[in-house]
Amino acid sequence: MIGQIRASTRTIGRRFLSDASGAVKQRPKKHSKLGVLAGFVVGTAGGFYWALNSTLSNPPEFLFPLSSSTRLCDIPSPCYATKWDFELALEELRAHFPEDAISSSVTDIENHTTNNYTLHAPEPSQRPRVVVYPSSTDDVVKVMQIAHEYRVPVVPYGGGTSIEGQYVATRRGITLDLSRMNNVISYNKDDMDITVQAGVGWQDINELVGSDGLMLGPDPGPGATCAGMVACSCSGTNAHHYGTMKENVVNLKLVLPDGQVIKTRRRPKKSSNGYNLTGLLIGSEGTLGIVTEVTVKLHVKPKFETVAVVPFKSINDATVAVTKLIQEGIPLNAVELLDERMMKAINFSGQTSRKWDEQPTLFFKLGSGHKNILNEIVKSVKQVTKDTGGQSFQVARNEQECTELWSARKSIFWSSIDYGRSVISPDVKVWSTDVAVPMSNLSRMIEETVKDCDASGLYTTIVGHVGDGNFHCLLMYDSKDEKLAMDLADRMVTRSLKYDGTCSGEHGIGTSKRHHLVQELGEDTIDVMRKIKMAIDPLRIMNPDKIFKIDPNDRAK
């Protein structure tokens, strides 16, 4: 309520000031009744606005609790820009940005509303009013200053590959597309790090540094950009050996909700310099500010690397093999599990150059800086997998065979779609959800999930980054079975929590897993997260409604 009064008072005051100044210019020697009345109204409105502004700058306890956490029921609903306010904000944006940097075309709005990766379709009203394309940190600062002044919600947009609804414009405002911020700031080969703008993709980094024998650790889906990778704390197939984004980001440059700019730390690989703001921002999904620059670690690419493929009779045998390999300290650059139905879908689609055994199969990347050491690693993996039920052991002899063997892992998504369209329905939907559990619980977790999937009657495939207990279940269904599929996905998440796991290994929370995060961490922990959000973004304009609720009137999950 107070926010609405404040916004309306600001708008009315501006309009009266504009009218009054115009009247004075036209009739400088006369003081009409209208001019006196306008002056009185402006003065009263200005005084009221000043009082409200002072109150909100130093809010009393009933507005924002002084406790160490913030319960949803203790805060008022956020108040965002009125239509008039938004038009004033847009006018200021147009004065700052070139014409091609601001778009409200139907195509641009739709392209920034949904994607091919998520099945959580936004409501018809959940579309941005305008898309802005900044080219620099200074541009982002200007956008945030204007958005903060007028209380316009801002949703950051990276590569547009998120799955859990991270960039849905739940409160219609500005979508900030960072794709034009695609420059390399500095490449420090000797220090093995690189600083890039937000819109640079991980594949672009690898292309640049690859000739120097270096690489970026995380490898999420094609098209992902650095700021988005930070926002969702992504990982990928390399996470077992090279870590997730949390282990690979050195520092960040961030534009705060009011337009201030901070840098979280400098470039040393280690530091004990107070609060770990870098870690706080990784996984925050744009709810605390806009990441404009990222410094990431680089890794030495193995001089010698090969791929091995091992089918098993059961998922349990495969997970036991991985556990034993890890416990014995045998280095694995990557280890992926595809179940028998995924292998069947790959064979059906014909997207690879060979036919595969339709059994649970482990795919390994094995590498070293020395060929003799690699040979010893291969021997060890072969022996352990044989001892734990491996049916055969295929290893690539050259780079071409490496690409051929790994191609099955790379084709899982489109192979599943091809299979689903042919066998289930031409309009099949494929929903990919992920969880992670401790390695000791992975086998039971997957086996129970497979039984649940069989009982549901839906066709599902499983692929897992099993080296760190993370796996995805791809649910294939048509529109009539949508609720059945969503219920199955919910049970999968609940099951992961039973095994002391997490509701999201690498896809993030967005809007679709908010209720699961409460299940996982409890309301008290969410309340502390909300306290941090309210401290940094009291107007709640940064990517509203993501990760946890910020509005007591929000009735969605």
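This is a predicted model: local features need pLDDT of at least 70, side-chain atom pairs count only at pLDDT 80 or more; totals for chains, interfaces and linings use all residues.
Good morning. I begin with strands E3 and E4 (residues 174-177), which run parallel and are joined by four bridges. Two strands count as paired if DSSP finds at least two bridges between them. Tyrosine 157, for example, has aspartate 177 in E4 as its bridge partner.

Residues are numbered from 1 along each chain as its sequence is written, and side-chain values use heavy atoms, with hydrogens and water left out.

Let us stay with E3, residues 154-157. In a regular strand, side chains alternate between the two faces of the sheet. In E3, Val154 and Pro156 lie on one side, Val155 and Tyr157 on the other, and all of them are buried, so both faces are covered. Buried means under 20% relative accessible area, exposed means over 50%, and partly exposed lies in between, using a 1.4 Å probe and protein chains only.

Next, an open sheet. Its five strands follow the order E5-E6-E10-E8-E9, with antiparallel pairing. Which strands stand at the edges? They are E5 (184-188) and E9 (261-263); each has a single partner strand, so one side of each lacks a neighbour in the sheet. On average, neighbouring strands of this sheet are turned by 10° against each other, direction ignored. Within the sheet, E6 (residues 193-197) and E10 (residues 290-297) pair in the antiparallel sense over five bridges. Isoleucine 194 stands opposite valine 296 in E10. Helix H6 (residues 202-209) lies across E5, E6 and E10, and runs at about 135° to E6. Such angles run from 0 to 180 degrees between N-to-C directions, and the axes are lines fitted to C-alpha atoms, for helices over the stretch in contact.

I turn to two helix pairs. The axes of H3 (residues 83-96) and H5 (residues 137-150) come within 9 Å and cross at roughly 160°. H3 is therefore roughly antiparallel to H5; angles over 145 degrees count as roughly antiparallel, under 35 as roughly parallel, 65 to 115 as roughly perpendicular and the rest as oblique. Contact means heavy atoms within 4.5 Å.

The axes of H16 (residues 439-456) and H17 (residues 482-498) come within 10 Å and also cross at roughly 160°. H16 is thus roughly antiparallel to H17, and their crossing is right-handed. The contact includes Met445 and Cys453 of H16, with Leu488 and Met492 of H17.

How many disulfides does a search of the whole structure find? It finds zero, where a disulfide is a pair of cysteine sulfur atoms within 2.5 Å. The sulfur of cysteine 234 is 8.0 Å from the closest cysteine sulfur, in cysteine 232, which is too far for a bond. Cysteine 234 is buried, at 7% relative accessible area, whereas cysteine 73 is exposed, at 58%.

Finally, serine 425 sits in the loop between helix H15 (412-423) and strand E16 (429-436). Serine 425 is buried, at 12% relative accessibility. Leaving aside residues up to four places away in sequence, serine 425 touches Gly420 and Asp478. Thank you.

Technical notes
A crossing is left-handed if the near helix is turned anticlockwise from the far one by less than a right angle, and right-handed if clockwise.
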